[in-house]
Amino acid sequence: MSGCCGHDAKFDGVSGDYKRRLWVVIALNATMFAVEMTAGHYAKSQALQADALDFLGDALTYGISLAVIGASTRARTNAALAKGASLLLMGLWVFGSTIYRVFYVGVPEAEIMGVVGFLALLTNLASVLLLVRYKDGDANVRSVWLCSRNDAIGNVAVMFAALGVWGTATGWPDLIVASIMASLFLSSAFQIARQALAERRDTGNRHHDRSLMS
């Protein structure tokens, strides 16, 4: 969002409407974590469990986003960096567990993967629609959008994995999709961290310029 008088001020989350939407998204993510983790365990699907972990991470980090709305730039960028770090850890965990599964490949239940993946996709599309008008905010707000977008992409990927598992009768499509999702986590972690550090530098430069002028 562009501010007036030519200033490029980004939306920082200070809006009752945004907060209400975020609460709804948190509830959706927490519910789908429980559903998808349980289904992933029974279906023996690494991709489903990776997506469930993403739902949990989102629910927790969205709570952090709510907590720092209206706080200082430093507090908001610290929150964004923490979310970037959590995405990094999730990506590394999924990569590691996927490599482990390469040496112990079972065939997941394609039907469960498909049904639960579709339910998760509907949940995340609802989240994306709720948040899309705020996608160009500051690092803290943008991290919420990126997480929701990643989830929707991940759900589509899980459904493709289910189709691949059904068609090949092997677990390899599941493992490949889990690896792709891990890459998406890592990419988003670096995007969030880069924007947060840039915002912190810009704030520091403005404070420095004002001190020189005073």
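Which side chain does a polar contact of 2.8 Å join to that of Arg21? The partner is Asp17, whose side chain meets that of Arg21 at 2.8 Å; a polar contact is a pair of N or O atoms within 3.5 Å, where within protein one must be able to donate a hydrogen and the other to accept it, and residues adjacent in sequence count only if both atoms are side-chain atoms. This is a predicted model, in which local features need pLDDT of at least 70, side-chain atom pairs count only at pLDDT 80 or more, and totals for chains, interfaces and linings use all residues. Residues are numbered from 1 along each chain as its sequence is written, and side-chain values use heavy atoms, with hydrogens and water left out.

**The chain**
- The chain has six helices and zero strands (DSSP runs numbered from the N terminus: H or I of at least four residues for helices, E of at least two for strands).
- Of its 214 residues, 46% are buried (under 20% relative accessible area; exposed is over 50% and partly exposed in between, with a 1.4 Å probe and protein chains only).
- Among contacts with a separation of 6 or more, 82% are between residues 24 or more positions apart (contact means heavy atoms within 4.5 Å).

**Helix H1**
- H1 covers residues 16-43, which is 28 residues.
- From first C-alpha to last, H1 reaches 40 Å, close to the 40 Å expected (1.5 Å times one less than the number of residues).
- The buried residues of H1 include Tyr18, Arg21, Leu22 and Asn29.
- Lys44 follows H1 and has a positive phi, near 55°.

**Arg21**
- Arg21 is part of helix H1.
- Its side chain also reaches the backbone oxygen of Leu130 at 2.8 Å.
- Beyond its neighbours within four places in sequence, Arg21 is in contact with Leu129, Leu130, Arg133 and Tyr134.

**H1 against H4**
- The axes of H1 and H4 (residues 110-131) come within 10 Å and cross at roughly 170° (axes are lines fitted to C-alpha atoms, for helices over the stretch in contact, and angles run from 0 to 180 degrees between N-to-C directions).
- H1 is therefore roughly antiparallel to H4 (over 145 degrees; under 35 is roughly parallel, 65 to 115 roughly perpendicular and the rest oblique).
- The residues of this contact divide into 17 nonpolar, four polar and two charged (Ala, Val, Leu, Ile, Met, Phe, Trp, Tyr, Cys and Pro count as nonpolar, Asp, Glu, Lys and Arg as charged, and the others, Gly among them, as polar).

**Ala85**
- Ala85 lies in helix H3, residues 73-102.
- Ala85 counts as partly exposed because its relative accessibility is 36%.
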